[in-house]
Structure formats: structure tokens, C-alpha cells
Amino acid sequence: MNSSDKLVSGFHFSVNFLNLSIGGLGTVVGALSGDVTIDMSFSEVSGIESSIQTEEVAEGGNNTFKYKLPKPASHKNLVLKRALSTAPSMLVKWATEGIQNFNFSPCVVVVSLLDESHMPIKVWSFHNAYPIKLDVSGINAKNSELVIETLELAYNYSNRIL
């Protein structure tokens, strides 16, 4: 490892939704005025994974081996977690519109690992992302823990930008 190389910690990151379209509100690119804002803060992101499967193909007349050919890439779902808030959330409205009303508005989700100056050091983009699950953790009177909201997104493909 070079002396200029640094190991990356995963506690400082940002999640951005690009071209987020919500119902009759049109495309939202920033915070809205009034009581409702777009809350895109998350405490955990998982599912940044792509893999390929292979298919074995035998060559006619040759029984000594099989070719292993790659199939198209598959991707895990992107899972975003955060504490549940009492404030209205446009992001939850977008997810609910898709899951409950089956009115999907795919967007691009960008996850960035940030350095101490809040500059991106690693960036992934997830294209045509749409909600497939909105989950609230169990509620238990014995524990005084935060209620966690989980948003799970499917997407067509991802790119590692940095």
C-alpha cells in the first residue's frame, strides 16, 4: 500500500435521489417550502453488490471440458435504514405511492462515502431505482430504542463512479 493510500471508514456518507418525481408534485430536486421536506438522511446503507453467474456450455464432440460463459450481472436490492421521524417525508410519500398505489417513478440514487471535508471519495449510482419495501421495525414497550424505518429499492444497474 502506498503512503498516500488511506483506508476508508464507512460512517460518513450521503444518499441523494436524483430526478425524484412524487405524484402530482412533479420532479423534486431540493427541499420544498412549507412543513414537508425531503429527508434523505440514513444511518445505514447495504446491498451495494453486483455479481455474475456463469453458464456451462459443452462443445460438440469434446468431452474433456465445458466452457463457462458469463451471464448478465445481477444486483442485490439497495437497503436504506434510518430512525422513524414524526415529520412528514416526501421520500416516504414517493415510496408509498409506488408500493401502495403501484404508481412507480424510478429515479437515480447516488451513495457517496465522504472524507473529513465532506468531499466524496467513493461514489456509486443506482439507475432506475424504485421502492419495493417500506418496513418499520418492531415496537416493544420493554425497550427504549428508536423505531427504525427501512426502505428497500430495486434498480436496473449500478455504476461505481469513483
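## Overall architecture

A residue is called buried when its relative accessible area is under 20%, exposed when that area is over 50%, and partly exposed in between (1.4 Å probe, protein chains only). Buried residues make up 27% of the 162 residues in the chain. The model is predicted: local features need pLDDT of at least 70, side-chain atom pairs count only at pLDDT 80 or more, and totals for chains, interfaces and linings use all residues. Residues are numbered from 1 along each chain as its sequence is written, and side-chain values use heavy atoms, with hydrogens and water left out.

The chain has 1 helix and 11 strands; helices (H or I, at least four residues) and strands (E, at least two) are DSSP runs, numbered from the N terminus. Along the sequence the elements follow the pattern β-β-β-β-β-β-β-α-β-β-β-β. A contact means heavy atoms within 4.5 Å. Of the contacts in the chain with a separation of 6 or more, 65% are between residues 24 or more positions apart.

## Nonpolar core

A nonpolar core is a set of buried Ala, Val, Leu, Ile, Met, Phe, Trp, Tyr and Cys residues joined through side-chain atoms within 4.5 Å. The largest such core has 23 residues, of which F17, W94, V109 and L153 touch the most other members. At least two residues of this core come from each of strand 1 (13–18), strand 7 (78–83), helix 1 (90–101), strand 8 (107–114), strand 9 and strand 10.

The contacts of L153 illustrate the arrangement. Leaving aside residues up to four places away in sequence, L153 touches F17, N77, L78, L80, W94, V109, A129, Y130, P131 and I132.

## Aromatic pairs

Rings of Phe, Tyr and Trp (its six-membered ring) pair if their centres lie within 6.5 Å; planes under 30 degrees apart count as stacked, over 60 as edge-to-face and the rest as tilted. The structure holds 5 aromatic pairs. One of them joins F102 and F104 in an edge-to-face arrangement, at 4.9 Å centre to centre and with 80° between the planes. F102 counts as exposed, at 67% relative accessibility, and F104 is partly exposed, with a relative accessible area of 30%. Ring pairs also link F102, F104 and Y130 into a cluster.

F126 and Y155 form another pair: the ring centres are 4.9 Å apart and the planes stand at 75°, so the pair is edge-to-face. F126 lies in strand 9 (residues 120–136) and Y155 in the loop between strand 10 (148–154) and strand 11 (157–160), so the pair ties together parts that are 29 residues apart in sequence. F126 is buried at 1% relative accessibility, and Y155 is buried at 9%.

## Salt bridges

Side chains of opposite charge can pair when their charged atoms come close. A salt bridge is a side-chain nitrogen of Lys or Arg within 4 Å of a carboxyl oxygen of Asp or Glu, and the structure holds 2 salt bridges. The side chains of K76 and E49 meet in one of them (3.8 Å, N to O). This pair links distant parts of the chain, 27 residues apart: K76 is in the loop between strand 6 (66–75) and strand 7, and E49 is in the loop between strand 4 (44–46) and strand 5. K76 is partly exposed at 48% relative accessible area, and E49 is partly exposed at 40%.

A salt bridge also joins the side chains of R82 and E149 (2.9 Å, N to O). R82 lies in strand 7 and E149 in strand 10, so the pair ties together parts that are 67 residues apart in sequence. R82 counts as buried at 6% relative accessibility, and E149 counts as buried at 9%.

## Surface and loop features

Accessible areas come from the Shrake-Rupley method with a 1.4 Å probe; for residues, only the protein chains shown count as cover. The chain exposes about 10,800 Å², of which carbon and sulfur atoms supply 51%. Patches are made of residues with over 30% relative accessible area and no salt bridge: like charges are joined within 9 Å, nonpolar side chains (Val, Leu, Ile, Met, Phe, Trp, Tyr) within 5 Å. V57, F65, Y67 and L69 form a nonpolar surface patch, with about 320 Å² of accessible area together. V57 is placed in strand 5 (residues 50–58) and is partly exposed, at 31% relative accessibility.

N156 is in the loop between strand 10 and strand 11 and is partly exposed, with a relative accessible area of 46%. Not counting residues up to four places away in sequence, N156 touches H75, H127 and N128. The C-alpha atoms of N156 and Y130 are separated by 9.5 Å, with the two residues 26 apart along the chain.
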